[in-house]
Amino acid sequence: MADIPPIRIGQGFDVHVFGEGDHVMLGGVRVPHERGVVAHSDGDVALHALCDAILGALALGDIGVHFPPSDERWRGADSLGLLRHCVGLAVDRGWRLGNADITVVCERPKVGPHAALMRERIAGACGVGVDAVSVKATTSEKLGFTGRGEGIAAQAVALLVKA
């Protein structure tokens, strides 16, 4: 263990296609939208990307390994619970979240009005201060599937530090 640096970095990415519904879950927040997402769980791309970033930093695979869509236990699952599980895996191994940076990619819904609450919910699930969590958004300038309004994506980076 002496040769393991006192930090680890992981990155994650998630995407969901829009489907029927009247909201999307983003960063643990129910955001009104004219469409929902097609997903096995609640389809929160921001939290799924962060879970993958944490799991990547731990070299423990990805969200599909830990919460497979073939397992009915995860149907409609609250992604804040999935995130708490991933944070618990880090803690069990002697790590804690140093900070997280999440970018949501979509034309709509607008993320900005909800970003502060997302940061609070994510920080609470991760056991860190709000100042350790960044949530921001960008468009793809009407290019690709997000630009055409077909779906939503997110990417995340997580820094784990020795506890």
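Is alanine 59 buried or exposed? Alanine 59 counts as exposed, because its relative accessibility is 65%, where exposed means over 50% relative accessible area, buried under 20% and partly exposed in between, with a 1.4 Å probe and protein chains only. This is a predicted model, in which local features need pLDDT of at least 70 and side-chain atom pairs count only at pLDDT 80 or more, while totals for chains, interfaces and linings use all residues. Residues are numbered from 1 along each chain as its sequence is written, and side-chain values use heavy atoms, with hydrogens and water left out.

**Helix H4**

- Helix H4 covers residues 115-126, and helices (H or I, at least four residues) and strands (E, at least two) are DSSP runs numbered from the N terminus.
- The 12 residues of H4 should span 16 Å at 1.5 Å a residue, and the end C-alpha atoms are 16 Å apart, which agrees; the expected span is 1.5 Å times one less than the number of residues.
- Ala115, Met118, Ile122, Ala123, Ala125 and Cys126 are the buried residues of H4.
- Seen down the axis of H4, these buried residues fall within an arc of 160°, so they line one face of the helix; the arc is that of the directions from the helix axis to the C-beta atoms.
- An α-helix has 3.6 residues a turn, so residues three or four places apart point the same way.
- The cover over the buried residues of H4 includes strand E2 (23-26), strand E3 (29-32), helix H1 (45-57), helix H3 (79-92), strand E5 (95-105) and strand E6 (133-138).
- Glycine 127, which follows H4, has a positive phi, near 70°.

**Pocket and cavity**

- The largest pocket holds about 190 Å³ of space; on a 1 Å grid over the protein atoms alone, a pocket is an open set of points with protein on both sides within 12 Å along at least five of seven lines, a cavity is a set of points where a 1.4 Å probe fits but cannot get out, and lining residues have an atom within 4 Å of a point.
- Grid points are joined across faces, edges and corners, and a volume is the space filled by probe spheres set on the points.
- Among the residues lining the largest pocket are His16, His40, His48 and Trp74, and strand E1 (7-19) and helix H2 (63-66) each supply at least two residues of this lining.
- The structure holds 1 cavity of 30 Å³ or more, and the lining of the largest cavity consists of Ile54, Val87, Ala90, Val91, Trp95, Arg96, Leu97 and Leu160.
- H3 and E5 are the elements that give two or more residues to the lining of the largest cavity.

**Loops and backbone angles**

- Alanine 59 lies in the loop between H1 and H2, and its phi is near 60°, a positive value in a residue other than glycine.
- Lysine 142 is in the loop between E6 and helix H5 (144-147), has a positive phi near 65°, and counts as exposed at 63% relative accessibility.
- Arginine 108 and proline 109 are joined by a cis peptide bond with omega of about 5°, and proline 109 is placed in the loop between E5 and H4.

**A buried serine**

- Serine 79 belongs to helix H3 and is buried, with a relative accessible area of 0%.
- Leaving aside neighbours within four places in sequence, serine 79 is in contact (heavy atoms within 4.5 Å) with Ser41, Asp42, Asp44, Leu47 and His48.
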